[in-house]
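Work through the exercises below with the model open. Try each task before reading its solution.

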Amino acid sequence: MNRPVFGLLLGGFLGIFDGLTAWFTPAARAGLLGIVIGSTIKGIITGVCIGYFAKKVHSLGLGIMFGLAVGMFLAFLVALMQHGYYFEIMLPGSLLGAIVGFATQRYKAEAAA
Amino acid sequence: MESLPDAVIGHMREVVTEPDFSGSPYRLIGEIGRGGMGVVYLGLDTRLGRRLALKVLRIIDADGQAAERMAEEARILASLEHPGIVPIHDLGTLPDGRIFYAMKFVEGTRLDRYAHGDPLLADRLRVFLRICETVSFAHSQGVIHRDLKPANIMVGQFGEVLVLDWGVAKVTGKAHEPSLTAGTPGYMAPEQVAGATDQLDARSDVYSLGKTLEALLVTYTGQIPKRLQAIWKKASSADRGARYATVLDLAREIERFQIGDRVLAYRETIGERVGRLATRNRTLVLLVAAYLAMRIVLFFLTKP
């Protein structure tokens, strides 16, 4: 499995998980399915971008920073479409991006070992 | 009659026993050290103007066994071309019949003294891995060192690591060697102490390397991880079947320890395993913890 594919799968999985956490917010429960789908798509796009970056750049620090930036940017776009909830959407989105950034860089290192 | 002072007698003895290199391109500068079989001098190759080390047989043996042993050492050194083994330049005989060989002069610190200099654990392990590389190479060439110990390992000024004194090395597959106890007490494998030369193989050097690793690490002022202690105990097990089969296996075990993998010599508890994985993936643990903490905070902040 190459890094973009790994990023895609991990981003998608974390996107599902992140979307499901909306269940803890009663006001958002009604639109849970839409949130999960949107979060998954965002996770997949983020994962592919970060995975591609990890393929080109071999640096744990840069991988995490890039993941953070991509996660934040895509989450910002989602929040823009929602006309609000910037803090609630961008903060977890950024952190998940950083996690995917870390994982894709480490995945490369372990595959090479 | 007045007797001569001790200092004068000592000097005369030195002059008499000092090797005579006249007629050779080498000139003596001074003595570096003495071993069981030979004396090592700092010399100068007058043709090239470079310093070198000259190892000279200490005694003129009647049966020629010591001379043959030293010539064998020179041949072994010549056959082992490796950055961790001092290259030999010349082999010859002095006018008094003593055999000598010339090799590269290496400046550095003996491993036992290096270990007392308080290097980091990572640096100690790096040095140990270099020793393993060299010994493993020698094994691949059919040579067993048989006298591995900190005093026979030198750490150079630029971090290079050299395995010295191949005087009692054994070439595997050679004709039967008479039973002899060669090596240093405390570092010799039990089968070596017993003089069972037919039982000597790579595992005998693994035993000595285990003891060397222990000597290298006991001077470490920090906490020595249990996993590392288990490695040297396995390597220097009295039962040679329980040791690492090869030096390469020992080196791989050290590498596993370095990257935070599970080592074969140590059965860890679940808590230790979790702790090791968390330490190994510290950044990931921090990121996940930050995510979860943020989710909890958001949960309470957005609670109606």
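**Exercise 1.** Locate H82(B) and decide whether H82(B) is buried or exposed.

*Solution.* Start with position. H82(B) sits in the loop that joins α2 (65-79) to β4 (88-93) of chain B. Helices (H or I, at least four residues) and strands (E, at least two) are DSSP runs, numbered from the N terminus. Next, accessibility. H82(B) has a relative accessible area of 19%, so H82(B) is buried. The classes are: buried under 20% relative accessible area, exposed over 50%, partly exposed in between (1.4 Å probe, protein chains only). Last, the surroundings. Neighbours within four places in sequence are left aside; H82(B) is then in contact (heavy atoms within 4.5 Å) with E133(B), T134(B) and F137(B).

A note on conventions: this is a predicted model, where local features need pLDDT of at least 70, side-chain atom pairs count only at pLDDT 80 or more, and totals for chains, interfaces and linings use all residues. Residues are numbered from 1 along each chain as its sequence is written, chains are lettered from A in the order in which they are written, and side-chain values use heavy atoms, with hydrogens and water left out.

**Exercise 2.** Check the span of helix α6 of chain B, then find how many of its residues are buried.

*Solution.* Helix α6 (residues 202-217) has 16 residues. The expected span is 1.5 Å times one less than the number of residues. That gives 22 Å for α6(B), and the end C-alpha atoms are 22 Å apart, so the two agree. Now count: 12 of the 16 residues are buried, so α6(B) is largely enclosed by the rest of the structure. Among them are D205(B), Y207(B), L209(B) and L213(B).

**Exercise 3.** Describe the interface of chain B and chain A.

*Solution.* Begin with contacts. 14 residues of chain B touch 17 residues of chain A. Then area. About 1400 Å² is buried between the chains, with 75% from carbon and sulfur atoms. Buried area is the accessible area (1.4 Å probe) that two parts lose on being put together, summed over both. L287(B), Y291(B) and R295(B) supply 36% of the area that chain B buries against chain A, more than any other three residues.

Finally, the salt bridge. The rule (a side-chain nitrogen of Lys or Arg within 4 Å of a carboxyl oxygen of Asp or Glu) finds 1 across this interface. D18(A) pairs with R295(B), with the closest N and O atoms 2.6 Å apart. Helix α10 (residues 282-301) gives the most to chain B's side, with 11 residues.
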